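Dear colleague,

I am handing over the structure below, and after it you will find my notes on what turned up when I went through it.

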Amino acid sequence: MAEGRVIKALSGFYYVDTGREVLTCRARGKFRKEGVSPLVGDRVTVRELGGGEGFLETIQPRRSAFTRPAVANIDQLVVIASGAIPKTDPFLIDRVASIAALKDCGVVVVLNKCDLDSADDLYHIYTASGFPTVRVSAETGEGLEELVPLIAGKFSAFTGNSGVGKSSILNALDPEFHLQVGDVSQALGRGRHTTRHVELFRLKCGAEVVDSPGFSSFETEELNLELKEHLPETFVEFRPYLDRCRFTGCSHTKEAGCAVLEALAEGKIQPSRHQSYLRLYEELKPLQAWQEKKK
Ligand code: GDP
Ligand code: ZN
């Protein structure tokens, strides 16, 4: 038996890095029966079969798991956004940040294409809200030296809408990272989607990364009842105020004596962050109604 880490999942095969070699593995049928499938980032034990092949026997408990990207045990989500086309709606960043916070996963905000637009609004919102935020240009290389220390030695999932420059940034960080770079202009400002399978890459700066599809794929599975129940805490900068509201069970949407609304009025919480909170609050509301109907 050998211990290792799944670094790639493709068509029913799992590529497990044991530190000595990468074994091509099939997984036990048991996993499928139990409804779990190995994910990139999983720590696993494998039975070696010789000839570079193995059989994946057990999956160690996960620190966190995401469905899209299908990845386990990541330290942080690196959210790529852009002030230039395609301009990023802060709500998309906030939704991802909220899901990440629920899973105790860090968030780094990267504002790309700063050669075209310095994204001052987004920069202000996210620095003021306490997120590590950097402005970069994959085109000129500007700012990348600030990004490197935020990702070195960590396992990150890069996420962001198609066309914001995920592949370009990864290529700029490490030219070995050959990902097809889509042409945003050809697709009318909605860059082509080029990511095919899930794979962990080690960049020369010591960062481990997976590239993942756009923000929209987070929507369905992750916007669940658990997120609804913990929504206020997932807006990390709201936390100091949450137990100071006049009424217990305050929804922080319109109540008198709400400490979150007071902090908002005093400029301690960014308006767009609270707007995103309200929007998520409304989106998650039907989940409760559905749950109550079932009782
Ligand atoms: P992805 O879909 O997020 O992986 O985005 P790509 O890396 O494919 O980039 C989409 C388009 O934006 C391509 O045409 C890139 O050349 C362009 N692009 C990426 N980063 C920058 C940047 O920092 N500045 C400029 N001007 N263009 C960029
Ligand atoms: Zn409140």
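Which side chain meets that of Lys285 in a salt bridge? The partner is Glu282, with N and O 3.5 Å apart, and both residues lie in helix 9, three residues from each other, which is about one turn of the helix. Lys285 is partly exposed, with a relative accessible area of 37%, and Glu282 also counts as partly exposed, at 46%.

Please keep in mind that this is a predicted model.

As for the chain overall, its secondary structure comes to nine helices and 14 strands, and buried residues make up 49% of its 295 residues. The accessible surface comes to about 14600 Å², of which 50% belongs to carbon and sulfur atoms. Among contacts between residues at least 6 apart in sequence, 65% join residues at least 24 apart.

The count of salt bridges comes to 13. One of them joins Asp89 and Arg279, whose closest N and O atoms are 3.9 Å apart; this pair links distant parts of the chain, since Asp89 sits in the loop between strand 8 (76-82) and helix 2 while Arg279 belongs to helix 9 (residues 271-294), 190 residues away. Asp89 counts as partly exposed at 34% relative accessibility, and Arg279 counts as partly exposed at 43%.

Another salt bridge is formed by the side chains of Asp94 and Arg273, at 2.9 Å from N to O, and this pair again links distant parts of the chain, helix 2 and helix 9, across 179 residues. Here both Asp94 and Arg273 are buried; for Asp94 the relative accessible area is 0%, and, leaving aside residues up to four places away in sequence, Asp94 touches Tyr126, Phe235, Ser272, Arg273 and Ser276.

Not counting residues up to four places away in sequence, Leu122 touches Ser82, Thr88, Pro90, Ile93 and Leu111. The C-alpha atoms of Leu122 and Ile93 are separated by 9.9 Å, and the two residues are 29 apart along the chain.

On the surface, finally, Asp115, Glu139, Glu142, Glu145 and Glu146 gather in a patch of negative charge. Glu142 lies in the loop between strand 10 (133-135) and helix 4 (144-151), and at 46% relative accessibility Glu142 counts as partly exposed.

Notes:
Residues are numbered from 1 along each chain as its sequence is written. Chains are lettered from A and ligands numbered from 1 in the order in which they are written. This is a predicted model: local features need pLDDT of at least 70, side-chain atom pairs count only at pLDDT 80 or more; totals for chains, interfaces and linings use all residues. Side-chain values use heavy atoms; hydrogens and water are left out. Patches are made of residues with over 30% relative accessible area and no salt bridge: like charges are joined within 9 Å, nonpolar side chains (Val, Leu, Ile, Met, Phe, Trp, Tyr) within 5 Å. Accessible areas come from the Shrake-Rupley method with a 1.4 Å probe; for residues, only the protein chains shown count as cover. A salt bridge is a side-chain nitrogen of Lys or Arg within 4 Å of a carboxyl oxygen of Asp or Glu. Lys and Arg count as positive and Asp and Glu as negative; His and the chain ends are not counted. The place of a charge is taken as NZ of Lys, CZ of Arg, CG of Asp or CD of Glu. Helices (H or I, at least four residues) and strands (E, at least two) are DSSP runs, numbered from the N terminus. Buried means under 20% relative accessible area, exposed over 50%, partly exposed in between (1.4 Å probe, protein chains only). Contact means heavy atoms within 4.5 Å.
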